[in-house]
Each structure stands twice: as structure tokens, then as C-alpha cells.
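Please look over the sequence and the model before reading on.

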Amino acid sequence: QAFAEIPLAYTTRIDGVSVTERGAIDLPYTAGGQGPGTFNTEYDGNNLYVDWTFAPTQPGEVRTFVVEYTVTGGLWIYPDGDLLEWRAVPADRSGAPVEASRVVVTLPPDPATGQPVPAGDLAATSFDWPSEIQIGDGRVVIDSSEPIPDGLAMLVQVGFPHGIAPAAAHPCPVPEDTPARESPPLPGAPPSTSAADGPGRG
């Protein structure tokens, strides 16, 4: 059995959860029920837990699972640039280290040109754990530089020009309307993190 912890903080909702086991033929798991090939979801505090059951493994066998979901209200919207912030690797993993982590952010095309957002208009950073960052046109790849022990997290941020994502700012139901960390500066513009500048989540 395995599980994934998805943070709910700074989001409006998370839905559309699915689990797939990758192989020669991909095997979609069934929501609800018990036994191999099924998964269940449970809300607990500020997290959504996804548990799934798979067939017994053999020594040395490698299994790959893909957990997909849709996040609503997960972007920080500012007049001079928007921000994606996400806890890619949670700290609590029941004692299991993460040997390697890769975060790939693919942005929608620029609505004004229909082309990928130029790399020079993007910015990215990570917190709590060292990483290597590659920024290309319309795409950011963040790799952990070394294994991540249990109890430590990796938080990533990607900044991009305002208007690229089809999202509108709306009030954020938290005491302070600021991201968890200081935003990475967008090329040519300082980060805007004050309530006076009209930020919100979208």
C-alpha cells in the first residue's frame, strides 16, 4: 500500500483525483473499494490523503504510480506577475526518504502570441532543499540535488507574466495574503507581495 499527501493550504479546492499504475499497459485504479487496483481519498486538516493498494511486489521490482488531480485557487495573482507556489515534496512521509524528485511546470502559451512564454520572462526557485533549475521557453524543470530525508520538504515557486494563466484574483481566506516564501523576482520587475498591490489567488 502507498499514499500521497496533497496540501490544501492556499487553495480553493482539489478534485479530479486519479491513480494510475504505469507499465507496458497503464492500469487506472478504481476509486473506492478495497484490494489491489483501488484507491481512496480522505480529508484530514489541511491535507488531502490519497491511499492506494497494489499487488505484492518482488525483490528488486520497480513500480511507478501517477497521482493526478486538479487544483483550483492555487495561483497567486499580482498586477506585475503571477506565481505558482507548491509543496512538491511534503515533509511527513512516514519515514520514507525521496531518492530523487523532479518537478516539471508547463505553462500555457502566451494568449497574445500563441507561442510559449520566453524563458527570459520566467523565474523559479525552491526552498527547504537544494535543487537544480532549468528554465526554457514555456517550461521549468526543478530537480532535487540530493535525496530528501523524511521530515524535510521541498517547496517550489515559478513566476510568470500576469495574464498567461486564465485566472482572476479573488480574496484569499487566510490571515495574511502572502505566499509562504518571498517570491522569485520576474525579469524586469520586482516581486509584489503587499496587500496594497491587490494580490489574490486564482
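The notes below cover one aspartate and then the salt bridges.

This is a predicted model, in which local features need pLDDT of at least 70, side-chain atom pairs count only at pLDDT 80 or more, and totals for chains, interfaces and linings use all residues. Residues are numbered from 1 along each chain as its sequence is written, and side-chain values use heavy atoms, with hydrogens and water left out.

**Asp 82**
- Asp 82 sits in strand E9, residues 82-89 (strands are DSSP runs of at least two E residues, numbered from the N terminus).
- Asp 82 is buried, at 2% relative accessible area (buried is under 20%, exposed over 50%, partly exposed in between, with a 1.4 Å probe and protein chains only).
- A polar atom of the Asp 82 side chain lies 3.1 Å from the backbone nitrogen of Tyr 78.
- The side chains of Asp 82 and His 162 make a polar contact at 2.9 Å (a pair of N or O atoms within 3.5 Å; within protein, one must be able to donate a hydrogen and the other to accept it, and residues adjacent in sequence count only if both atoms are side-chain atoms).

**Salt bridges**
- The structure has six salt bridges (a side-chain nitrogen of Lys or Arg within 4 Å of a carboxyl oxygen of Asp or Glu).
- Arg 87 pairs with Glu 5, with closest N and O atoms 3.2 Å apart. The pair links strand E9 to strand E1 (residues 2-7), 82 residues apart.
- Arg 87 is partly exposed at 25%, whereas Glu 5 is buried at 11%.
- Glu 61 forms a salt bridge with Arg 63 at 3.6 Å. Shared partners join Glu 21, Glu 61 and Arg 63 into one salt-bridge network.

Definitions and conventions
Helix = DSSP H or I, 4+ residues; strand = E, 2+ residues; numbered from the N terminus.
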